[in-house]
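Thanks for coming, everyone. Let me put the structure up, and then we'll walk through it.

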Amino acid sequence: MTWRARAADAVLAVVVGGLVAASAPDDTRVTAYALALAGSLALAGYRSAPRAVLAVTTLLLSGYVVLAEPGAAAALPVVGAVHTASRAGHRGLGALAGLLFLAVFAVAGEGLDATLLLAGWFLCAVVTGLADQNWQAYLRQTEQRAVEAERTREEAALRRAGEERLRIARELHDSLTHSIAVVKLQAGVAVHLARKRGEEVPPALLAIQEASGEAMRELRATLVVLRDQGPAGRVEEVVERARAAGLAVTLTDYDGDLPDEVGHTAYRIVQEALTNAARHAGAARVRVRLGVEAGVLEVAVEDDGRARAGADFVPGIGLTGMRERVEAVGGTLECGPQEAGGFLVRARLPLLVRQSAPDRGDGHVRVGEAQ
């Protein structure tokens, strides 16, 4: 909290206390005034301790009602405390405190009519607190989505660039590789037949053979560059970076060989999951495990943070991009809060990646495809 917010809360508490004191009966004793002012001033701490403020305000103002038998204005601090508690998610405690104060007021206050009026005030306090809580949650979620969108924008751009490179590579392969290979083959056959018959090979035919071979080599190098998405790094590296940032991470790694696309996907999954754990799990321990069983790589990132089963869970842009990566290699993704608490991300990635052999010496390899 900033000092401005603290000052505003203190001013609000003083104003409420002044209203309660101004509405007190003329014969009110000093003890009753003290209870009313103390219960009102406690509202200054509603942001940091809403439940404590609710308890203190309810008890002190109930004592004030018993001693002074004031009017309905004595309920203002308690109504405010009930509202703030409900906004903080403690609707049950707020309703209980309101019922307690109403019971005291019905006995020592102005009677049943005033009590029924106050009951409407307390009901409105609970409802408006719930509405405010939902609105604040909506604003936080909107802000979080904006932050995640900004954070993953570069990754999404890189993914789109990689997809575009693969598309261009496929187009080049389909449109050029076959034609150039045919030209090279025909030129080679013609040169071979001419030499076999003892004839002089035309210089143009030799130039065609040499140019087609050079074109095949350049095209092969171009396709390799287009397909290379660059090494993402090792899982151990991203885990070490998370530890250096203060996250308690344990790693059980798979030390076998992985296809490049599967290894890249596993790296990105662990990277995104650890980033989310650092942002949302609080002071939690995170377990990262990579293992292979029956030709499938399982990547699991599990924390014991503040996520709870049954709570509202809407995947953000990062988890959506993670799911797209997993599905691109033919895998499946499971993510969400766990029954025992914490959050789990588990991906299953097939290791069987088919790559065709070079076609008649052209050196071209087809794009990996999950079986």
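How many bridges join β1 to strand β2, and do these strands run parallel or antiparallel? Five bridges, and the two strands run parallel. Before going on, some ground rules. This is a predicted model: local features need pLDDT of at least 70, side-chain atom pairs count only at pLDDT 80 or more, and totals for chains, interfaces and linings use all residues. Residues are numbered from 1 along each chain as its sequence is written, and side-chain values use heavy atoms, with hydrogens and water left out.

Now the terms for the sheet. Strands (E, at least two residues) and helices (H or I, at least four) are DSSP runs, numbered from the N terminus. Two strands pair if DSSP finds at least two bridges between them.

So, the sheet. It is open, with five strands in the order β1-β2-β3-β5-β4, and the pairing is mixed. At the edges stand β1, residues 248-252, and β4, residues 332-337. Each has a single partner strand, so one side of each is left without a neighbour in the sheet. From one strand to the next, the twist averages 10°. Back to β2, which covers residues 285-293. There, Arg289 is the bridge partner of Thr252.

Next, the helices on this sheet. Contact here means heavy atoms within 4.5 Å. Axes are lines fitted to C-alpha atoms, for helices over the stretch in contact, and angles run from 0 to 180 degrees between N-to-C directions. Helix α8, residues 235-244, lies across β1 and β2, at about 165° to β1. Helix α9, residues 260-280, lies across β1, β2, β3 and β5. α9 runs at about 10° to β3.

How do these two helices meet? The axes of α8 and α9 come within 9 Å and cross at roughly 10°. The two are therefore roughly parallel to each other. For that label, angles under 35 degrees count as roughly parallel, over 145 as roughly antiparallel, 65 to 115 as roughly perpendicular and the rest as oblique. From α8 come Val235, Val238, Val239, Arg241 and Ala242. They meet Tyr267, Val270, Gln271 and Leu274 in α9. By class, that contact has seven nonpolar, one polar and one charged residues. Nonpolar means Ala, Val, Leu, Ile, Met, Phe, Trp, Tyr, Cys and Pro; charged means Asp, Glu, Lys and Arg; the others, Gly among them, are polar.

On to the aromatics. Rings of Phe, Tyr and Trp (its six-membered ring) pair if their centres lie within 6.5 Å; planes under 30 degrees apart count as stacked, over 60 as edge-to-face and the rest as tilted. The count comes to three aromatic pairs. Phe101 and Phe105 are stacked, at 6.2 Å centre to centre with 25° between the planes. Both lie in helix α5, residues 91-108, four residues apart, about one turn of the helix. Phe101 and Phe122 have ring centres 6.0 Å apart and planes at 55°, so this pair is tilted. It links distant parts of the chain: Phe101 in α5 and Phe122 in helix α6, residues 112-196, 21 residues apart. Phe101, Phe105 and Phe122 form one aromatic cluster.

Buried or exposed? Buried means under 20% relative accessible area, exposed over 50%, partly exposed in between (1.4 Å probe, protein chains only). Phe101 is buried at 0%, and Phe105 is buried at 0% too. Phe122 is also buried.

Last stop, helix α6. Ala194 lies in this helix and is buried, at 6%. Leaving aside neighbours within four places in sequence, Ala194 contacts Glu199 and Val201. On that basis, Arg195 contacts Val201 and Leu206.
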